[in-house]
Amino acid sequence: MSQQRISYTVHGTVQGVNFRSFTQSKAKSLNLTGFVANTSDDKVAGEAQGSEDSIKSFLKELNNGPGAAHVVKVEKEEIKTEEGEKSFGTQ
């Protein structure tokens, strides 16, 4: 199965609502690698890599977010895959 990598940015009420923990948990359950981080402009951003189906499911989860979040939009862009990455972390 072919690997895909995306960069993503989540807009809305996404900081201070456990969004990074939620994102990491969902990514791990989908066997994705990459990372998630808060940005200085109150967004959450990162990169994720895995199968095309897992990436699609991950994006759906990001659009829903945890209960306390209010997601306005999720931007994504396909980027070059990375070799040797073994986990999904928070920054």
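User: Which residues does UniProt place under the feature "active site"?

Analyst: In this predicted model, the unreviewed UniProt entry places that feature at Arg20 and Asn38. Although they are spread over 19 residues of sequence, they cluster in space, with a largest C-alpha distance of 7.6 Å.

User: Why is Arg20 called partly exposed?

Analyst: Buried requires under 20% relative accessible area and exposed requires over 50%. Arg20 has 31% relative accessibility, so Arg20 counts as partly exposed. This residue lies in helix α1.

User: What makes Asn38 partly exposed?

Analyst: The relative accessible area of Asn38 is 33%. Asn38 is found in strand β2.

User: How do you know that Asn38 touches Arg20?

Analyst: A contact means heavy atoms within 4.5 Å. Leaving aside residues up to four places away in sequence, Asn38 touches Gln15, Arg20, Lys43, Val44 and Gln91. With the same exclusion, the contacts of Arg20 include Asn38, Val36 and Thr90.

User: Which residues of helix α1 are buried?

Analyst: Helix α1 covers residues 19-29, where Phe19, Phe22, Thr23, Gln24 and Ala27 are buried. The term buried applies under 20% relative accessible area. The buried residues of α1 pack against several elements, among them β1 (3-13), β2 (33-38) and α2 (52-64).

User: Where does UniProt place the feature "domain: Acylphosphatase-like"?

Analyst: The unreviewed entry places that domain at residues 5-91. This span is 28% helix and 41% strand, and its end C-alpha atoms lie 18 Å apart.

Conventions
Residues are numbered from 1 along each chain as its sequence is written. This is a predicted model: local features need pLDDT of at least 70, side-chain atom pairs count only at pLDDT 80 or more; totals for chains, interfaces and linings use all residues. Side-chain values use heavy atoms; hydrogens and water are left out. Buried means under 20% relative accessible area, exposed over 50%, partly exposed in between (1.4 Å probe, protein chains only). Helices (H or I, at least four residues) and strands (E, at least two) are DSSP runs, numbered from the N terminus. UniProt positions are given in the numbering used here, feature names are shortened, and annotations may be inferred rather than shown by experiment.
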